[in-house]
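Hi,

Here is the structure for you to look over. My notes on what was found follow below.

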Amino acid sequence: MTYLEITKENIEHEHICCALGAKQYERAVKEKKQWLCERMEEGLRFHRLDERAKVFIEYLPAGKAWIPIDAPNYMYINCLWVSGRHKGSGHSKKLLEQCRKDAEKLGMDGIVHIASSKKMPYLSEKRYFEHMGFTVMDQADPYFVLLVQKWNENGADPAFIHSAQPHAASDKGICIYFTAQCPFAVGVLDDLQRVADARDIPFRTKRISTREEALESPAIWTTFSMFYNGKFVTHEIMSPSKLEKMLDSIK
């Protein structure tokens, strides 16, 4: 198994796994690459399998992460993804080992990651991370859990920021908070707006462009969080047909 680190020097001519081969997301992938370059200035690391495959890990110091957690001196995993035929080949374990190696090299106390209390799309499986030595340290409504692998007993216990419960957004209709961290989140917005427009439902998107905006937003999962009439509905990056079904169920 050979892995490649994506850096500012090679990112232009290397793929980053996300939306691999999907032409409709080309613009969103470019935005993701720019976002990665900016975060690399803050310590972000990105490792992937040296093949044309969706096998990668992305992490950075938790104090720079765009999520509402208090985790001083921890590394935060933005995303760990192993898909298709590569599952069950030990890639997740190897990539997690690389993350821990980098965290220990920086003198950090552990690693943190957000997952869901039950299996859900776009969030890691809690059970797998528990198998890898992580424990649930905190939780936030309606289903988010903060997983921690801690190797320094004297280190602080990470937690969601006290206000980190999805609080009401002021907008009527659909309001989506998102970042450029995931090309799928950026790439699906126009299609979702067409669904809302066809139903005369107000539709707004709010792009989070700084860590401060992320911490001030009503979202826990800042990559993509959908609110309807001010209430949190889902973190799941939806297809138009799935949004249609969701709106039918709300009615």
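Arg 199 is partly exposed, with a relative accessible area of 23%. Bear in mind that this is a predicted model.

Start with the partner of Arg 199. The side chain of Arg 199 meets that of Glu 244 in a salt bridge, 2.6 Å from N to O. Glu 244 sits in helix α7, while Arg 199 lies in the loop between α5 and β12 (203-207). The two are 45 residues apart, so this pair links distant parts of the chain. Glu 244 is partly exposed too, at a relative accessible area of 31%.Now helix α7 itself, residues 240-250. Which of its residues are buried? They are Leu 243, Met 246 and Leu 247. Seen down the axis of α7, these buried residues fall within an arc of 95°, so they line one face of the helix. Lys 245 and Ser 249 are on the other side of α7, and both are exposed. What covers the buried residues? The cover includes two strands, β11 (174-178) and β13 (224-228). Helix α5 (189-198) and strand β14 (231-234) are also part of it.

Ile 174 ties in here. Beyond its neighbours within four places in sequence, Ile 174 is in contact with Leu 243 and Leu 247, among others. Its other contacts include Ala 196, Ile 201, Phe 203, Met 226 and Tyr 228.

Next, the cores. The largest nonpolar core has 68 residues. Ile 174, Tyr 76 and Phe 144 touch the most other members of that core. Helix α1 (residues 26-40) is its top contributor, giving six residues. There is also a second, separate core of 20 residues. Val 82, Ala 115, Phe 129 and Leu 147 are among its members.

Back to charges. How many salt bridges does the structure hold? The count is 19.

- Glu 58 and Lys 32: their side chains meet at 2.6 Å, N to O. Glu 58 is in strand β3 (residues 55-61) and Lys 32 is in helix α1, 26 residues apart. Both residues are buried.
- Asp 157 and Lys 150: the closest N and O atoms of this salt bridge are 2.6 Å apart. Lys 150 is partly exposed, with a relative accessible area of 30%.
- Glu 244 and Arg 199: this is the salt bridge described above.

One network also turned up. Glu 5, Arg 45 and Asp 102 are joined in it by salt bridges that share partners.

Best wishes

Conventions:
Residues numbered from 1 in each chain as written. Predicted model: local features only at pLDDT ≥ 70, side-chain atom pairs only at ≥ 80, totals over all residues. Heavy atoms only, no water. Core = buried A, V, L, I, M, F, W, Y, C linked by side-chain atoms within 4.5 Å. Buried < 20%, exposed > 50% of the residue type's maximum accessible area, 1.4 Å probe, protein only. Helix = DSSP H or I, 4+ residues; strand = E, 2+ residues; numbered from the N terminus. Contact = heavy atoms within 4.5 Å. Arc of directions from axis to C-beta. Salt bridge = Lys/Arg side-chain N within 4 Å of Asp/Glu carboxyl O.
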